[in-house]
Amino acid sequence: MLSPAPEEPLLLAELKPGRPHQFDWKSSCETWSVAFSPDGSWFAWSQGHCIVKLIPWPLEEQFIPKVFEAKSRSSKNDTKGRGSPKEKTLDCGQIVWGLAFSPWPSPPSRKLWARHHPQVPDVSCLILATGLNDGQIKIWEVQTGLLLLNLSGHQDVVRDLSFTPSGSLILVSASRDKTLRIWDLNKHGKQIQVLSGHLQWVYCCSISPDCSMLCSAAGEKSVFLWSMRSYTLIRKLEGHQSSVVSCDFSPDSALLVTASYDTNVIMWDPYTGEQLRSLHHTQLNPPMDDSDVHISSLRSVCFSPEGLYLATVADDRLLRIWALELKTPIAFAPMTNGLCCTFFPHGGVIATGTRDGHVQFWTAPRVLSSLKHLCRKALRSFLTTYQVLALPIPKKMKEFLTYRTF
């Protein structure tokens with residue numbers, strides 16, 4: 001199914017924040033979140049000191065990876081005369097913890113924003129949501145850099161944000177106030193639901209690509225799965241031995257991965273709650289003493305866009321890339337103080353953020369998916385595990401379609 005083992009990830013580019021504001025003790029420099037827009041045309045980076053950078057993708061000429069050179073040149077030619085997008089700086093006034101782009105394209109912006117911003121043209125617009133230190137959520141229009149809405153309700157840091165992939169402009173926020181909140185941006189940011197039940201800070205939220213489920217991870221050993229239709233708790237997933245801090249659904253919604261301070265990633269079937277696989281982060285260079293017991297604590301996990309790879313960032317200063325059917329990493333890259341990671345939506349690149357406010361772009365495996373995997377991905381995009389098991393097909397085929405054989 002996969003091409004030969006990929007080479008170690010290469011560092012393509014590194015972005016560093018400008019000089020921090022002097023005496024601004026209220027700001028911190030961590031890059032807690034990085035995000036690509038779903039169409040791959042923008043990159044957002046919470047670079048610390050209350051600033052978000054919005055950068056058109058591909059990067060400027062000197063940073064463009066070779067795999068993108070031909071495409072980027074042609075796209076630049078296409079945009080001549082229409083005005084190429086420019087880098088933007090969003091001053092959020094508070095430390096920025098979470099970032100999320102809306103799906104592309106979103107509904108007509110005039111219907112959405114006309115009341116507050118009559119000058120916004122009557123076209124679809126791309127939106128960026130930013131989760132802040134004071135519990136506020138600021139909503140920005142990417143193309144203009146305009147602040148569109150300010151959502152209030154959380155009582156503490158908004159740690160993570162996630163839009164429904166369907167384009168309905170439903171936004172989910174996860175906060176240190178131990179709640180998740182559901183907002184409808186089509187109704188001027190109306191809060192439509194508060195999800196309670198976590199006993200610790202909520203670190204991460206992820207909506208399944210089919211928009212049926214929401215996963216939330218807090219400083220607890222269990223993970224919560226919610227229905228995105230009824231906003232009720234479906235089940236708790238229990239298997240980790242320490243705080244779960246990151247989660248992500250596969251592109252076909254058939255798998256869920258969770259990452260924990262216990263140094264493990266667990267792969268789940270979200271429909272049955274079954275643990276399918278556990279990926280253990282062993283240290284490449286164990287310390288001389290055992291003072292650093294949490295050195296392999298995980299920070300972030302994410303699926304590649306075709307659903308065949310995972311990327312993880314841990315406190316042992318490594319970015320790891322895993323192939324779905326293998327239990328050991330296929331590639332490593334050294335990175336210091338990593339906090340978050342995400343794949344470019346068209347593959348080939350991973351972006352990582354660090355504690356010192358830097359962003360690094362790494363090469364990621366490029367793979368031509370097999371026909372088998374493409375068929376599985378297409379079927380699982382609209383069939384649950386139970387529906388697959390009810391099909392009149394051979395057992396081996398059911399096992400493949402439900403990722404029991406990978």
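Predicted model: local features only at pLDDT ≥ 70, side-chain atom pairs only at ≥ 80, totals over all residues.

Residues are numbered from 1 along each chain as its sequence is written, and side-chain values use heavy atoms, with hydrogens and water left out.

Q: Why is Leu-237 called buried?
A: Buried means under 20% relative accessible area, exposed means over 50%, and partly exposed is in between (1.4 Å probe, protein chains only). Leu-237 comes in at 1%, so it counts as buried.

Q: What makes up the surroundings of Leu-237?
A: A contact here means heavy atoms within 4.5 Å. Not counting residues up to four places away in sequence, Leu-237 touches Lys-221, Ser-222, Val-223, Leu-225, Leu-256, Trp-268 and Gly-273. With Ser-222, which is 15 residues apart from Leu-237 along the chain, the C-alpha separation is 5.4 Å. Leu-237 itself lies in strand β17 (residues 233–238); strands (E, at least two residues) and helices (H or I, at least four) are DSSP runs, numbered from the N terminus.

Q: What makes a group of residues a nonpolar core?
A: The members have to be buried Ala, Val, Leu, Ile, Met, Phe, Trp, Tyr or Cys, joined through side-chain atoms within 4.5 Å. The largest such core has 17 residues, and Ala-311, Leu-319 and Ile-350 touch the most other members. The elements giving two or more residues to this core are β23 (309–314), β24 (318–323), β25 (331–334) and β26 (338–343). A second, separate core has 16 residues, including Ala-259 and Tyr-403.

Q: Which residues does Leu-319 contact, leaving aside its neighbours within four places in sequence?
A: Among them are Ala-311, Val-313, Phe-332, Met-335 and Trp-362.

Q: How do you know that β22 and β23 pair?
A: Two strands pair if DSSP finds at least two bridges between them. β22 and β23 have 5 bridges, in the antiparallel sense. In one of them, Cys-302 has Ala-311 in β23 as its bridge partner.

Q: Why do β22 and β25 count as standing at the edges?
A: The open sheet has 4 strands in the order β22-β23-β24-β25, with antiparallel pairing. β22 (298–303) and β25 each have a single partner strand, so one side of each is left without a neighbour in the sheet.

Q: Why is the contact between Asp-177 and Arg-181 called a salt bridge?
A: The rule asks for a side-chain nitrogen of Lys or Arg within 4 Å of a carboxyl oxygen of Asp or Glu. The closest N and O atoms of this pair are 3.8 Å apart, so Asp-177 and Arg-181 form a salt bridge. Both residues are buried. The rule gives a count of 6 salt bridges.

Q: What distance joins Arg-404 and Glu-274, and how far apart are they in the chain?
A: Their side chains meet at 2.6 Å, N to O. Arg-404 is in the segment after α5 (395–401) and Glu-274 in strand β21 (residues 274–280), 130 residues apart. Asp-269 is linked with both of them in a network of salt bridges.

Q: Why is Arg-404 called partly exposed?
A: Its relative accessibility is 29%, which means it counts as partly exposed. Glu-274, with a relative accessible area of 37%, is partly exposed too.
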